[in-house]
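I opened a notebook page for a structure that was new to me.

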Amino acid sequence: MMNKKADLQSTIQAFLYLLPMMAIVFIFIIFPIIKSIDMSFYTEYNIFTGIVEQRGWENYQQIFKDPQFYKALKNTGLYVLCVVPSSLAISLLIAVLLNQIPWVKGLFRTIYFLPFVTSTVAISIVWSWLFHSQYGLINYFLSWFGIDAINWLNSSQMAMPAVIIMAIWKGLGFNILLLLVGLGNIDESYYRAAKVDGANAWQRFFRITLPLLRPTIFLLTVVSVINGFKVFDEVFALFNGRPGPAGSATTLVYYLYRKFYEQYDYGMAAATGMVLFGIVLIITLIQYFGNRYFEKRGG
């Protein structure tokens with residue numbers, strides 16, 4: 001009896017410790033999700049009275065009939081497909097090189113991490129100068145190879161590439177930091193044993209480094225994909241509050257933003273958010289089960 005009473009007291013005490021955080025999670029995470037799901041079915045809503053006069057599936061039907069939605073989905077998919085693998089590959093290369101020279105690792109880790117913690121608006125201002133069609137450094141360097149100046153920010157064909165280039169650069173710091181931590185956790189004895197067996201640098205990289213970095217790379221891939229589908233700040237700041245020339249850089253979150261803040265169509269905005277949530281959830285599950293499969297196969 002005494003043990004059961006003590007266990008009950010410990011359970012109540014633990015619950016009381018968790019209660020403040022559980023309340024915060026419910027208020028700021030769970031409740032907004034539930035409200036967003038409910039709002040996605042609003043078809044007639046009075047913002048001034050807060051009265052929902054009618055609910056239905058019309059918002060989802062309109063979304064999947066809207067060409068702008070498919071344009072935003074295409075741009076977002078292109079952004080993710082370009083930014084995530086490119087950023088990971090470049091980050092891995094830099095991290096491996098930095099790991100070979102420990103005495104500069106701390107300095108360069110700080111330098112590479114600065115863009116990640118710097119305001120997106122400030123970064124976009126700098127990149128708008130770099131992308132300038134007449135005086136930008138990027139066009140200046142391209143001129144060395146005989147390439148004509150590119151109108152990065154005023155061309156509907158080059159708007160998304162400009163966003164992608166800036167995003168790759170901005171995301172390097174976070175990726176490099178985690179990859180360096182992962183590389184630091186690899187036991188040097190593996191490399192010494194591989195050298196004794198005659199393995200060259202490429203063999204050591206593909207047979208030791210990459211397999212042991214798989215958990216870190218998986219984590220970065222999931223985080224990068226989720227952040228990629230949520231891209232908004234880069235587009236908004238780089239094009240001064242516009243989704244690129246003629247809407248050429250519209251992403252899913254920017255599409256949601258326009259529905260909510262410009263067109264005041266709250267039901268459509270919430271429905272877009274639910275569609276985005278579903279897409280990210282499906283891709284994350286695919287990544288998770290794919291990683292589990294390769295782990296079992298590798299084991």
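The entries below go from confidence to the core, and then to the aromatic rings.

**Ground rules.** I am reading a predicted model, in which local features need pLDDT of at least 70 and side-chain atom pairs count only at pLDDT 80 or more, while totals for chains, interfaces and linings use all residues. Residues are numbered from 1 along each chain as its sequence is written, and side-chain values use heavy atoms, with hydrogens and water left out.

**Confidence.** I looked up pLDDT, the predictor's confidence in each residue from 0 to 100, and found a chain average of 85, with 96% of the residues scoring at least 70.

Buried is under 20% relative accessible area, exposed is over 50%, and partly exposed lies in between (1.4 Å probe, protein chains only). This core has 58 residues, and those touching the most other members are Tyr79, Phe131, Leu153, Phe229, Leu238 and Phe239. Helix H7 (residues 159-184) gives the largest share of this core, 13 residues.

I followed Phe229 and, leaving aside neighbours within four places in sequence, noted contacts (heavy atoms within 4.5 Å) with residues including Thr76, Val80, Leu252 and Ile283.

I also checked Thr272, in helix H13 (residues 266-298), which counts as buried at 1% relative accessibility. Not counting residues up to four places away in sequence, Thr272 touches Ile63, Leu252, Tyr255 and Leu256.

**Rings.** Rings of Phe, Tyr and Trp (its six-membered ring) pair if their centres lie within 6.5 Å, and planes under 30 degrees apart count as stacked, over 60 as edge-to-face and the rest as tilted. I found 24 aromatic pairs in the structure. Phe64 and Phe69 make an edge-to-face pair, 5.7 Å centre to centre with 80° between the planes; Phe64 is partly exposed at 42% relative accessibility, whereas Phe69 is buried at 2%.

The ring centres of Phe232 and Tyr254 are 5.2 Å apart and their planes are at 40°, so this pair is tilted. Both Phe232 and Tyr254 are buried.

How values were computed: Core = buried A, V, L, I, M, F, W, Y, C linked by side-chain atoms within 4.5 Å. Helix = DSSP H or I, 4+ residues; strand = E, 2+ residues; numbered from the N terminus.
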